[in-house]
Each structure stands twice: as structure tokens, then as C-alpha cells.
Amino acid sequence: MARKDINNTLSLPFFNYLIYLYRMLEDNINKINSIIDKIFKNALEAACVISDYFGEELVDVDIKREILTQSFINSNFTDTFFNGYDESRFYEHEESFINVVRASPGRYVEVLVRFPKVTVTNENDKSIEIRELYVKININYDGSLLDYFKMRRSEFTISQWVSQYSHSHLSSDILNWQRPCFGEGPIRTTQERLQSTCNIDVWGLFCYELSKYVTVESLSGGPYKMLEKVGVGDRVDTNNIGYYYYHIPTHQRIVDRFLIFCLKNININIGFSNNQFVLGESCTQYMIKITNLFIDWCNKEYKSSRMSGSYENLISLGFFSNYIISGNAIYTQAFLNKIEDIREKAGTVLFKFKGKDIALTFTDLNNVEEVTNLTPLLNLEVAGYILYTILLIINYNYGRESGIGKEHYLF
């Protein structure tokens, strides 16, 4: 007999044996999956409540079948047991099956809820928009909640990243899943109820409270991160320039004299939003206007001998700082030094959602131009203080009697 024929003759029974083993293993795995489905019945029902509430496209339910199957294979249940097992014997061995699950790393269902865009608002009616917020909820096999839910984000603006702001309820560890601060709010109580039992109605309540929780910053509860401070210090835009009034400017007497001049001569665009007057133009426009007006005032003061010194003297006193103007925002040098680190981190894969890699992205990274030209502008503390005072006077004098939506050129 030829060598080829011998090999074929020997390999055929072995090949059939491999097919037999594969089919037996496949049959046993199907039986294990059936057991898993029965044990995780309550957990999957709870996950279904979450999916129905937020929408199937925004919820990823992961039952860790591979881990659980391996746990059963490594247990005291032999192939012989599964060969003779059928579903009618489930309740006979239910407790033993549950013990295998309890000891397994896959004893819970992982549910991820995606919030593509959320507006977070506080009691001061201040708000911030965040994108790609994810909430991770682990549900025990019996349908009870495992620990508390966690949150993280995958998309940031540069200002949010530099300020280490994921959400007002989260700390600065923005690259990892975090348990948020719950304070004494109702969502804490609801989670604690679910940790002890599976109640489908309470799971529905949990979904409702979660949908509200992610949209709120509670100042009274003491947030980890205040949304009003995002961007303050490194990048300045129309949304945060007014927050610099918290700093009392140095050389107050000079600033107050300049303020009187401003009230008579400045020409800035004022808008009306949330029932109050606000800056109605970009901070770049305002900063250029206030800087030019300050220089004009200084020249008049020098000519009339009411002020002595020079431009260099004003710099030494801290009235001017160098900034980079890019688009509608103004950047400090310290801020731009962090951009390179941000560029390196962009694209880092964080986790999976519905089988797809979720990577770290920055909404406005491409908007930060590669610019190095520095522009001297009036110090932010002075400019912010002037703006705050002007808006304070306008709101006090005109107040809430003016029509919403109007824009005016005042002064």
C-alpha cells in the first residue's frame, strides 16, 4: 500500500473522532448556555428594562458567556454529567449551578448606557454641554445591583480635559471608570434598594432617576468639579471671561479710574440670556476692544500729566500679559504647552461598546491652530473685573424689565 493511502486510512477515524469531540463539546456548551440563561433570567430582565428605557441603540448588554462556560468546564460537573443532562434536571442541580456562577468572575451582567450629549445645569442656571458620557451598571445574576454604577467619558473639549472635568459628580481621574458622588439624593437610596433585591419596578425608577442625575450639578451637595470653573485659567472664551471678577485686581485705584472712563466710552455688544444681560460678542472682540480702550485712556492720562510712567511700566505692574488668539478663544502659553500631550493621547482606545472600540477624542483639537505669535492684551483679572462691573450696573439699572432676546449697543 502506498504511503499516501496509509496516511488517509489512519487519518479518517482520527478525523471522525475530532468531529465527535467537537460536537459533544458544542452540545455541552449549548447545555451550559441554557443553564446560564435560566440562572441569569432576572438579570437579563433588569437589563431589558434599561434597554427599553434608554433605547436599544444606546445600551450594550454583555453577559460574559465565555468566562461562565469556562467556569462550568473547570467545575466538578464532568463531560459525563453534561452528556446525560437535559433541562428537566435543572432544578435538581440548581443550587450547585448557582454556586459555580457565584464563584465565577463572570457572575454579573455588564450594562453600558451611552449619553451622546448631555447638558449639565446647576442652581445658578449655569450649564455646560458634555458629550459621549457612559454609565456602567453591573447586575448580579439574580437581578440585584452589584455595588453602585460608574461613569466615564470618551469625548472632551480641550478646556474640559485641561480642567479635568468629566462631570460635576466625578473626580479628576478622567481616564478611568469612577463611582460618582451621590450625596443624599434619591438615586443613592434607589441603588441601595436594588442591591438587596431584584424589583423590576424599582429598576424602572432607577432609569428615570439616572436620566435626571446626569443632567444636574448640585452646588448645595458640593460637586467634585464646578462646571463654572471649566476653562478658567488656561483658555478664555465668551462663556467664562466674566468669572475672572472673582479676583480683585491689583492697583485697584488705577483700575477704578479706568472703569469710569469705560462707562462713558466703551462700545460693546450686550445680549440678553436667561433673564439677564450678558456679553453679546466673542471674548476675542471684547478683549481687543478693552485693551485698545485702556491704551487710549493711558495716553490721555499721560498727556494730561495725571499719570506718569511708560508702556513698559504698565507691563511691570502686571496690566498686560501675552496671549495667543486662535479662533474665538484666547489661550495662555501654559495652556498651549498642554496641547502636545493631548495630541498624543487622542485616539487611545478606552473600552468597547457594542463590539466597537471607543477611543479618546477631543471635539475642538483641530481648531487649535499651530500658532506661536503672542499678542499683548489687558490682564484678564482687570478685563474680567471691568466686564463684571459693567454687567452688574446694566442689570441693576435695566434689570428684568427689558425684553428677552434683544441685543443692544450700550455706552
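Mentor: What follows starts with the packing of nonpolar side chains, then turns to a helix and a pocket, and ends with charged pairs.

The model is predicted, so local features are reported only at pLDDT of at least 70 and side-chain atom pairs only at pLDDT 80 or more, while totals for chains, interfaces and linings use all residues. Residues are numbered from 1 along each chain as its sequence is written, and side-chain values use heavy atoms, with hydrogens and water left out.

For orientation, the chain has 14 helices and 14 strands, where helices (H or I, at least four residues) and strands (E, at least two) are DSSP runs numbered from the N terminus. Of its 411 residues, 45% count as buried; buried means under 20% relative accessible area, exposed means over 50%, and partly exposed is in between, with a 1.4 Å probe and protein chains only. Among contacts (heavy atoms within 4.5 Å) with a separation of 6 or more, 72% join residues 24 or more positions apart.

The part to examine closely is the largest nonpolar core, which has 55 residues, and of these Phe72 and Ile137 touch the most other members. A second, separate core of 37 residues includes Met307, Leu314, Leu378 and Ile390. A nonpolar core here is a set of buried Ala, Val, Leu, Ile, Met, Phe, Trp, Tyr and Cys residues joined through side-chain atoms within 4.5 Å.

Once residues up to four places away in sequence are set aside, Ile137 touches Ile50, Val109, Glu110, Val111, Val113, Leu145, Phe149, Trp203, Phe206 and Leu210. One of these partners, Glu110, also belongs to a network of salt bridges that links it with Asp62 and Lys64; a salt bridge is a side-chain nitrogen of Lys or Arg within 4 Å of a carboxyl oxygen of Asp or Glu.

Leaving aside neighbours within four places in sequence, Phe206 is in contact with Ile137, Phe149, Ile187, Thr190, Gln191 and Leu194. Phe206 and Ile187 are 19 residues apart along the chain, and their C-alpha atoms are separated by 6.8 Å.

On a 1 Å grid over the protein atoms alone, a pocket is an open set of points with protein on both sides within 12 Å along at least five of seven lines, in contrast to a cavity, where a 1.4 Å probe fits but cannot get out; lining residues have an atom within 4 Å of a point. Of its 19 lining residues, His169, Phe182, Gly185, Tyr213 and Ser218 lie nearest the centre. By class, the lining has nine nonpolar, seven polar and three charged residues, where Ala, Val, Leu, Ile, Met, Phe, Trp, Tyr, Cys and Pro count as nonpolar, Asp, Glu, Lys and Arg as charged, and the others, Gly among them, as polar.

Finally, the charged pairs: the structure holds 16 salt bridges. Side chains of opposite charge can pair when their charged atoms come close. Lys41 forms one with Glu45, with the closest N and O atoms 2.8 Å apart, and because the two are four residues apart in helix α2 (residues 41-54), about one helical turn separates them. Lys41 is partly exposed at 48% relative accessible area, as is Glu45 at 33%.

Arg257 and Glu301 meet in another salt bridge, at 2.4 Å from N to O. This pair links distant parts of the chain, with Arg257 in helix α9 (residues 252-265) and Glu301 in helix α10 (residues 283-303), 44 residues apart. Here Arg257 is partly exposed, at 25%, whereas Glu301 is buried, at 5%.
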